[in-house]
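Hi there,

Here is the structure I promised to pass along.

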Amino acid sequence: MSELPRISLKPEVTHFLQGVFVNQEVLAAVGHDQADQRFQKLLTCLSHPPSYTCVRASTHLAPLEDIRQKLGEELKKQMCNSLTEEEEEEKEKEVLILTHPRIPDVLLLPVNGPRAVKQLGSEVVVGAQCGSAVLRGAHVFSPGIIACPKYMKAGDVVSVFSDTEGRCTRGATSFQGTKVFVGNGVARMDRSSIFATGEPPKGVGVQMVEPLYQSPSFDGILPGLVFLQNLPSVVVGHVLGPRPGERILDMCAAPGGKTCHIAALMGDQGEVVALDRIRNKIGRILLNAQMLRLRSIKAYCFNSVQAVSSDPAQEAEGPPYPAESFDRVLLDAPCSGLGQRPNMGTTWSLKEIRSYQPLQRKLLQAAVRLLKKGGVLVYSTCTVTLEENEEQVAWALKTFPCLTLQPQEPHVGAGGMLGAGLAPEQLHLLQRFSPELSWDQAGSADALHSRVDTDTIGFFIANFLKN
């Protein structure tokens, strides 16, 4: 199946992650061979896109089946506009869009790949982040282009490669270093425009016509009715369980996908406070809320570590807030992001990878203080390490006796991972999306159905009740 190399990591990071997946508790349970095999599968699957593209449907605005039908019509138009001659006979086929049996606002589109795509002589090199976006259906936007042929003109057919190690010099005419082929496309800009002095140009630089992985582009498709979001990120909103009339805090909210989902789940009745410390991201949250016609969201530029007011009588509308101000709190914490897919390479050092645990604990302390008694706190990350996931749960339970783990609904991922000293019944209450486990599944209908829930990004969810 693998057409892409394993994720490129610094040796110290690879060694660290191997220690995570081949820890003493895991060794005692399954042995070295099985533990290491799982780790090796992780390194391979992280560089590949998930098997399904997930979109969250705005069921607060229209029934799911209506959105599904409209999406199918829009994607069929897109498909007919981009077909090659060999694919013309396929254009009458319906676009396959699946629903999820347990998540009522999700639509799933199978990803076709890896496909047999022939590399061309003319090469465009893009950054690793841009290359990953192409593998999930995006076109190449001009800021992502690092190198291209000296005389490239709009209309030229080119092969697109991802610079996985970040070593290509911007403006180069060629690159002989480590690069990964992601598909073929048509240049929509001249080289002179892409690398012009002054403000970099915007817009599509290369329109992908033969991507290695075929997935729809959602640029401009049904804005307001569908929202591109990874399956585990949708699960988070349902686990939080917002109800109409409640006051809910999203502590690290940008770009606002989970914030908007929370508001939609509570019927836009109540108040959803969204905080983020980066000012230019607040506009994105409010723009998404406006696009989805949600009025219950209030967004503020604020550091959530400092979101607890020292004045219990404070009545100001914005942050900081008095203790026990919120019925539910979502802490989708800043993290090392090692569960993101596809990710063909990261240049982060081990020090950078391990820098998030102290910040996460400061945020957890603020979250517990801001939560009302009897309230729900959901903690989530998009990484695979123990110290940002299960170890944080063990620390929180020890530090805050008022917290207890609760069941999650829906629970479609695996349980927690051994290695943090948690009891089996506690691990069972956690939800870890482990994409490497999906690579053991093939063939049967049950296996394919299960793969929808497992072949996702790497993700972690813990659900606490404040007693």
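I'll start with Asp327, which is partly exposed at 22% relative accessibility (buried is under 20% relative accessible area, exposed over 50%, and partly exposed in between, using a 1.4 Å probe and protein chains only). Lys372 is partly exposed too, with a relative accessible area of 31%. The two side chains meet in a salt bridge, 3.3 Å from N to O (that is, a side-chain nitrogen of Lys or Arg within 4 Å of a carboxyl oxygen of Asp or Glu). This pair links distant parts of the chain, with Asp327 in strand E14 and Lys372 in strand E15 (residues 371–381), 45 residues apart. Helices (H or I, at least four residues) and strands (E, at least two) are DSSP runs, numbered from the N terminus.

Before going on, please keep in mind that this is a predicted model: local features need pLDDT of at least 70 and side-chain atom pairs count only at pLDDT 80 or more, while totals for chains, interfaces and linings use all residues. Residues are numbered from 1 along each chain as its sequence is written, and side-chain values use heavy atoms, with hydrogens and water left out.

The structure holds 18 salt bridges. Another one joins Glu246 and Arg328, at 2.6 Å from N to O. Glu246 sits in the loop between helix H7 (231–240) and strand E11 (247–250), and Arg328 in strand E14 (residues 326–332), so this pair ties together parts that are 82 residues apart in sequence. Both partners are buried: Glu246 has a relative accessible area of 13%, and Arg328 has 8%.

Glu324 and Lys466 also form a salt bridge, their closest N and O atoms being 3.9 Å apart. Glu324 lies in the loop between strand E13 (297–301) and E14, while Lys466 is in strand E18 (residues 459–466), 142 residues away. Here Glu324 is partly exposed at 33%, whereas Lys466 is buried at 8%.

Now for the nonpolar side (a nonpolar core is a set of buried Ala, Val, Leu, Ile, Met, Phe, Trp, Tyr and Cys residues joined through side-chain atoms within 4.5 Å). The largest core has 39 residues, and Val235, Ile297, Val378 and Ile461 touch the most other members. Helix H7 gives the largest share of this core, 6 residues. A second, separate core of 35 residues includes Leu331, Leu427, Leu430 and Phe460.
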